[in-house]
Amino acid sequence: VYKRQEDNLSNKDDPSKYWFTRNKIDKILINTFYLSEKIEQFLNNKKFNLEIKIINDGSNILNTGGGILNMINSSNETDFITFNPDTVWNENYKKYIEDMEKFYFLNKVKNILLLANENLSFDKNLKGDFNLKKNIIKKDELNHLIYTGCQILNKSLFDSYEVGNFSISNIWNKLIDKDDLYGFESFEDFRHLTDLNIYKKLLKN
């Protein structure tokens, strides 16, 4: 959610807390389903100095599109940046995300995805989802760019949808057909927690 705040933590605070304020983040929405109670307990124990709201899928998982819609319905904001938790994010992504944010607002687009070349993927079994031409996402027979799990989107994309089980790809595909889905390329190594085997290999690196 796009809201900003001034730094107000001392150097003695938990570094993970300081990261949020240093990057002017003061409001987070978290969509949960599996182990939601443990996630909530972890956040309560951390006592982050920002507003964190947990939105649960309920009795049935809502998938990527339904989960995002369920989450953003709890906010009056119109623009959101979303992160998938199965990517290993680090500070090096910051410059790409900030540049992607500038592109999003300057060009008044509705959706932009952060992409990485498949050659940068730690998991070599992951293949490209898209190609990119002047920041417009294309889908060809042979694709080289992987969705990293970070995107910026406008709430209006969901105007014709109701909360339920659907994939965000439904929205993306409609935008691609109109040359209206945008992308921004990251050149950071892409580490995705595909499965337990990849997780164990990442621990050794």
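User: Quick one on Trp89. Is Trp89 buried, exposed or partly exposed?
Analyst: Trp89 is partly exposed, with a relative accessible area of 26%. The cut-offs: buried means under 20% relative accessible area, exposed means over 50%, and partly exposed lies in between (1.4 Å probe, protein chains only).

User: Before we go on, what kind of model is this?
Analyst: This is a predicted model: local features need pLDDT of at least 70, side-chain atom pairs count only at pLDDT 80 or more, and totals for chains, interfaces and linings use all residues. Residues are numbered from 1 along each chain as its sequence is written, and side-chain values use heavy atoms, with hydrogens and water left out.

User: What is the mean pLDDT?
Analyst: The mean is 86, and 88% of the residues reach 70 or more. pLDDT is the predictor's confidence in each residue, from 0 to 100.

User: Where does pLDDT stay under 50?
Analyst: It stays under 50 over residues 1-13. Residues 15-19 also stay under 50. Where pLDDT is low, the predicted coordinates should not be read in detail.

User: How many contacts does the model have there, beyond four places in sequence?
Analyst: For residues 1-13 the model has 38. For residues 15-19 it has ten. Contact means heavy atoms within 4.5 Å.

User: Back to the rings. How many aromatic pairs are there?
Analyst: The structure holds ten aromatic pairs. One of them is Phe83 with Trp89: the ring centres are 5.2 Å apart and the planes are at 85°, so this pair is edge-to-face. Rings of Phe, Tyr and Trp (its six-membered ring) pair if their centres lie within 6.5 Å; planes under 30 degrees apart are stacked, over 60 edge-to-face, and the rest tilted.

User: And Phe83, buried, exposed or partly exposed?
Analyst: Phe83 is partly exposed, at 43% relative accessibility.

User: Which residues form an aromatic cluster with Phe83?
Analyst: Trp89 and Tyr93 do; with Phe83 they form one cluster.

User: How are the rings of Phe130 and Trp172 arranged?
Analyst: Their centres are 6.1 Å apart and their planes are at 75°, so this pair is edge-to-face. The two residues are 42 apart in the chain. Phe130 is in the loop between strand E4 (111-117) and strand E5 (131-133), while Trp172 is in helix H5 (residues 169-177).

User: Are those two buried or exposed?
Analyst: Phe130 is buried, at 4% relative accessible area. Trp172 is buried too, at 6%.

User: New topic. How many helices and strands are there?
Analyst: The protein has six helices and eight strands. Helices (H or I, at least four residues) and strands (E, at least two) are DSSP runs, numbered from the N terminus. Along the sequence the pattern is α-β-α-β-α-β-α-β-β-β-β-α-β-α.

User: What share of the residues is buried?
Analyst: Buried residues make up 41% of the 205 residues.

User: How many salt bridges are there?
Analyst: Two. A salt bridge is a side-chain nitrogen of Lys or Arg within 4 Å of a carboxyl oxygen of Asp or Glu. One joins Glu98 and Lys94, at 4.0 Å from N to O. These two are four residues apart in helix H4 (residues 94-106), so they are separated by about one helical turn.

User: What does Asp179 bridge to?
Analyst: Asp179 bridges to Lys138, with the closest N and O atoms 2.9 Å apart. This pair links distant parts of the chain: Asp179 is in the loop between H5 and E8, and Lys138 is in strand E6 (residues 136-138), 41 residues apart. Asp179 is partly exposed at 37%, and Lys138 is partly exposed at 25%.

User: What about Glu188, where does that lie?
Analyst: Glu188 lies in the loop between strand E8 (182-186) and helix H6 (196-203). Glu188 is buried yet has no salt bridge. The nearest side chain of opposite charge, Lys95, is 5.3 Å away. For charge, Lys and Arg count as positive and Asp and Glu as negative; His and the chain ends are not counted.

User: Which side chain makes a polar contact with Glu188?
Analyst: The side chain of Asn90 does, at 3.2 Å. A polar contact is a pair of N or O atoms within 3.5 Å; within protein, one must be able to donate a hydrogen and the other to accept it, and residues adjacent in sequence count only if both atoms are side-chain atoms.
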